[in-house]
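Here are a few notes to read alongside the model. Keep the 3D view open and find each residue as you go.

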Amino acid sequence: MKKYSIPILVLYIFITSCSTNKVVGKYQTNFPTYGRFGKVLTVNCDSTFVLNFSGDFMNDNSFGKWKVRNDSLILNFDSINYPKSRYNGTSYYSIKRNKLTSYFPITKEKYNELVELIEKEGMTDSLKIGNYRKFRRTSGKTLKNFQGKLGRQYFQRIEKFECKQ
């Protein structure tokens with residue numbers, strides 16, 4: 001039985017090291033928000049990242065550390081060393097081939113709590129509340145242009161980095 005433990009350990013180390021390398025590279029949004037604002041995410045081999053926001057005479061960077069858990073990329077923004085960064089907190093992205101899609105994890109129970117809160121506050125006059133299915137279908141969409149066209153924005157890999165072991 002001990003004969004098999006070393007190859008299994010080597011295989012495990014190989015798989016776990018490759019799983020984090022599958023996300024390393026440079027990503028760009030598939031379309032600019034409002035036709036003007038784009039983002040470029042650079043995921044480095046040393047578990048750091050830079051998220052660049054640019055457009056309409058603006059250009060700034062947010063920095064932090066990343067990690068992979070299952071099929072999710074987790075970005076933790078460094079707001080201590082960079083307090084004036086545009087982004088802070090934590091962002092979650094689903095990893096699918098060469099795409100990183102942000103997801104809005106809200107369960108049906110949380111949605112129902114939100115609807116109850118809105119109804120309790122009496123805001124139903126100005127707010128039309130749809131059902132959960134419609135909410136899931138339209139949540140997470142971004143304006144593509146100023147005419148109101150919506151689209152689901154994601155990061156698409158434009159360059160892959162090779163990490164030296």
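**Notes on rings and charges**

1. Let's start with the rings: F49, F77 and Y87 are joined into a cluster by ring pairs. Rings of Phe, Tyr and Trp (its six-membered ring) pair if their centres lie within 6.5 Å. Before you go on, note that this is a predicted model, where local features need pLDDT of at least 70, side-chain atom pairs count only at pLDDT 80 or more, and totals for chains, interfaces and linings use all residues. Residues are numbered from 1 along each chain as its sequence is written, and side-chain values use heavy atoms, with hydrogens and water left out.

2. In total there are 8 aromatic pairs in the structure. Take Y111 and F135: their ring centres are 5.1 Å apart and the planes sit at 35 degrees, so this pair is tilted (stacked means under 30 degrees, edge-to-face over 60, tilted the rest). The pair links distant parts of the chain, with Y111 in helix α2 (residues 108-121) and F135 in helix α3, 24 residues apart. Helices here are DSSP runs of H or I, at least four residues, numbered from the N terminus.

3. Buried or exposed: which is Y111? Y111 is buried, because its relative accessibility is 7%, while F135 is partly exposed at 21%. (Buried is under 20% relative accessible area, exposed over 50%, partly exposed in between, with a 1.4 Å probe and protein chains only.)

4. Now the charges: K128, R133, K134, R136, R137, K141 and R152 form a positive surface patch. Patch residues have over 30% relative accessible area and no salt bridge (a Lys or Arg side-chain nitrogen within 4 Å of an Asp or Glu carboxyl oxygen), with like charges joined within 9 Å. Helix α3 (residues 132-138) gives the most to this patch, 4 residues. R136 lies in helix α3 and is partly exposed, at 39% relative accessibility.

Terms used
Patch = residues over 30% accessible without salt bridge, like charges linked within 9 Å, V, L, I, M, F, W, Y side chains within 5 Å. Areas by Shrake-Rupley, 256 points an atom, 1.4 Å probe, with all protein chains shown as cover. Lys, Arg positive; Asp, Glu negative; His and termini not counted. Charge placed at Lys NZ, Arg CZ, Asp CG, Glu CD. Helix = DSSP H or I, 4+ residues; strand = E, 2+ residues; numbered from the N terminus.
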